[in-house]
2 protein chains.
Amino acid sequence: MTSILERRQKLLSPSYRLFYDDPLHLLSGRGAWLTDVHGHRFLDAYNNVVPAGHCHPRIVAAIVAQTERLNTHTRYLHDIILDYADALLATFSFPAQATFTCSGSEANDLAIRIARHITGGEGIIVTENAYHGVTSTTAEISPSLGKSVNLGAHVRTVPPPVAGTDFAAGVRSAIVDLHRHGIRPAMLVVDTIFSSDGVFSEPAGFLIDAVEAIRGAGGLFLADEVQSGFGRTGTHMWGFERHGVEPDMISLGKPMGNGYPVAGLVCRPDVIKKFGSNIRYFNTFGGNPVAMAAAMATLCVIQDENLMQNAHSVGTYLRTQLARYKHIKDVRGAGLFIGAELTNGQLASRVVNEMRARGVLINASGPNENILKIRPPLILSNEQADMLNDVVGAALEVALANE
Amino acid sequence: MTSILERRQKLLSPSYRLFYDDPLHLLSGRGAWLTDVHGHRFLDAYNNVVPAGHCHPRIVAAIVAQTERLNTHTRYLHDIILDYADALLATFSFPAQATFTCSGSEANDLAIRIARHITGGEGIIVTENAYHGVTSTTAEISPSLGKSVNLGAHVRTVPPPVAGTDFAAGVRSAIVDLHRHGIRPAMLVVDTIFSSDGVFSEPAGFLIDAVEAIRGAGGLFLADEVQSGFGRTGTHMWGFERHGVEPDMISLGKPMGNGYPVAGLVCRPDVIKKFGSNIRYFNTFGGNPVAMAAAMATLCVIQDENLMQNAHSVGTYLRTQLARYKHIKDVRGAGLFIGAELTNGQLASRVVNEMRARGVLINASGPNENILKIRPPLILSNEQADMLNDVVGAALEVALANE
């Protein structure tokens, strides 16, 4: 019998990678739990794609009802796209308009098209280990993809906002360097929780001067909320809000449809006006009625079940617990987006794999892969946080013993 | 009360466009029929996204079952992605491996990344009015998006394969021109039914010399099967097959999941090997279990219900009927991808709108927008073809009277 790994190697592109030394072969999911084909249960503390938990009944019901009724596209009128846009845009404190895509990559890619069209510039500034997507153009602004993927000639990187450093100073230097090369700045893009850079959230407000700098140079500011959006950071619906800035564009993705492929780009009307009147944008599946039904149900569940508040309270509790491990050098993040820094990437990898063996799923991130990335569904309970914390402790102990 | 058009203008980006002078406000769909909010029924002869018809029970059931069970991603093992890849790749007569994305744009964009990585070249050759996507890089190779969207500096266009012309000669000239500019050719891309160029399918075999030319120059050949794939052309599962060529890469999209957002790129193993070992590719929603369940059910329905054969017989019948209208200069295409050429775009636009008023949905295409584009679900019956044909006649009469 051909093993599943052999089948995969034969049938799928070699670009595919699996998590864990002992990959997970999954069958079903419910709430914060995943079950594999052997009947083993795993606490999912990693997948931010399901903020409401796996297979949330209300979201499943919305997807089923609309799938049975109609699934077309945005060149016909349909109420659900407008109802959802209305509900989504009501979460922003400034006027905005929505465009819907299939993926966060497509949303960021569209933002680049818009920024370059509007500003006439080409230069894009990102953080040193940023991740913004896998299209040709978003991969060019994603240094975290590794050295085999070239950065674009018009891309400049800046140091991440490590506590105590001046983030805006890096942005100002990058602007000077772009000008020195005759490149007009088009955009500063940041993932507002700086996930792949290692999770940086403090001190609140560190984005203000950077946004002022890019605007002063004629560029736009894109807040990539694919990681930090939809209440994950606990105190605000959007990651940029904690820093008191108003972006020109906001990209949305992963958690938006609780697993259904849906993403989008929110723009200030004055920003999108010129692009929109010059250039039509049609995305076959983007904003289709089922995607919008999934997104609407997800947003309603996040709001009605107070998932942001839960992310805040359980996240605060969990960070306090994690901070008690002396081998965790630093615990960062906000709400249920948590980075726990270990001394090195090998140790983090061992912890991640030991935790998987003990039934809890997390991963590691950061330029040195030494930051435990903990990103459970927003429904996580204190009891599940206790389990997670205990397993971190047990895994750390074994991993350290093998160092 | 705010009208739906005003709500749309307020909430959505001005890049959105609607079909028809009197836009359609839809509520439900079943088979080849769509129903609007006023209870009016429309024969859908345009939407190739639903090859099996709207809300096909077997496909809906597959989506529902998997949505209720689990929806994660490709960094865990799951059987359904392998079962589907197996079934999909069995439809090709040569060895291949699959990568899954959310949209045809993402698939073509990935093909560009791969071609440039492998060949070390940048040059891409497309037809004069090609459409390959809306990401930054695919928009740069999509002249049909209009003059407000710049083609890339490394992109060359060639005349479409109008009957009696030498398509390969254009490709060879483009290669010479690329070399003259010091640009190494990376890829020739064609939509194998040449949809946005005006629908060209005859004589079978006209791609052979063009493919030989791009390979001779060190480039790859990408068959964009987003329009012509999955049996639509009636005699073959894939549009390239009618021309007797074997592409290096094949991009799939629209019809793949009967409306569920799923797309993909199929590559020959020797082509993808170098890219795959150097570069990881992860697409959050691409290849997720629900997308794969939708795609599997769609492929099974196409095969089990003989939809390709139906596309052939009903398409042949419909083309014969349409060819009897003296104001239709030419009827082209294959299977249920039909282009009916009128004298000018204004007339075509009037016919499209008059048909909509009479309950049949089609559209116009081609560089002069004068080709009626007829692309119904592959389940279309002869009776529905008769209705379509009658409505074309009635609409033509009214449209001509107003010329």
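Residues are numbered from 1 along each chain as written, and chains are lettered from A in the order in which they are written. Because this is a predicted model, local features need pLDDT of at least 70 and side-chain atom pairs pLDDT 80 or more, while totals for chains, interfaces and linings use all residues, and side-chain values rest on heavy atoms, without hydrogens or water.

**Chain A as a whole**

- Chain A holds twelve helices and 15 strands (DSSP runs numbered from the N terminus, with helices being H or I of at least four residues and strands E of at least two).
- Of the 403 residues in chain A, 67% count as buried (under 20% relative accessible area, with exposed being over 50% and partly exposed in between, using a 1.4 Å probe and protein chains only).
- Among contacts in chain A with a separation of 6 or more, 72% link residues 24 or more positions apart (contact means heavy atoms within 4.5 Å).

**A buried leucine**

- A:Leu43 sits in strand β3 (residues 41-44) of chain A and is buried, at 0% relative accessibility.
- Although A:Leu43 and A:Leu361 are 318 residues apart in sequence, their C-alpha atoms are 6.1 Å apart in space.
- Beyond its neighbours within four places in sequence, the contacts of A:Leu43 include A:Trp33, A:Leu361 and A:Met387.

**Where the chains meet**

- The contact between the chains takes 93 residues from chain A and 93 residues from chain B.
- About 8,700 Å² is buried between chain A and chain B, 57% of it from carbon and sulfur atoms (buried area is the accessible area, with a 1.4 Å probe, that two parts lose on being put together, summed over both).
- A:Tyr76, A:Leu77 and A:Phe285 supply 10% of the area that chain A buries against chain B, more than any other three residues.

**Aromatic rings**

- Over all chains there are 25 aromatic pairs (Phe, Tyr or Trp rings, the six-membered one for Trp, with centres within 6.5 Å; planes under 30 degrees apart are stacked, over 60 edge-to-face and the rest tilted).
- B:Phe92 and B:Phe240 are stacked, at 6.3 Å centre to centre with 5 degrees between the planes.
- B:Phe92 lies in the loop between α3 (79-89) and β4 (97-101) and B:Phe240 in the loop between β8 (220-224) and β9 (249-252) of chain B, so this pair ties together parts 148 residues apart in sequence.
- B:Phe230 and B:Trp238 pair edge-to-face, at 4.8 Å centre to centre and 65 degrees between the planes.
- In chain A, one aromatic cluster is formed by A:Phe92, A:Phe94, A:Phe230, A:Trp238 and A:Phe240.
- A:Arg75 lies over the face of A:Phe282, at 4.1 Å from the ring centre (for such a charge, NZ of Lys or CZ of Arg is within 6 Å of the ring centre and within 35 degrees of the ring normal).

- A cis peptide bond joins A:Glu202 and A:Pro203, with omega about -5 degrees.
- The bond from B:Glu202 to B:Pro203 is cis too, with omega near -10 degrees.
- A:Phe230 is not a glycine, yet has a positive phi of about 60 degrees.
- B:Asn306 has a positive phi near 55 degrees and is partly exposed, at 42% relative accessibility.
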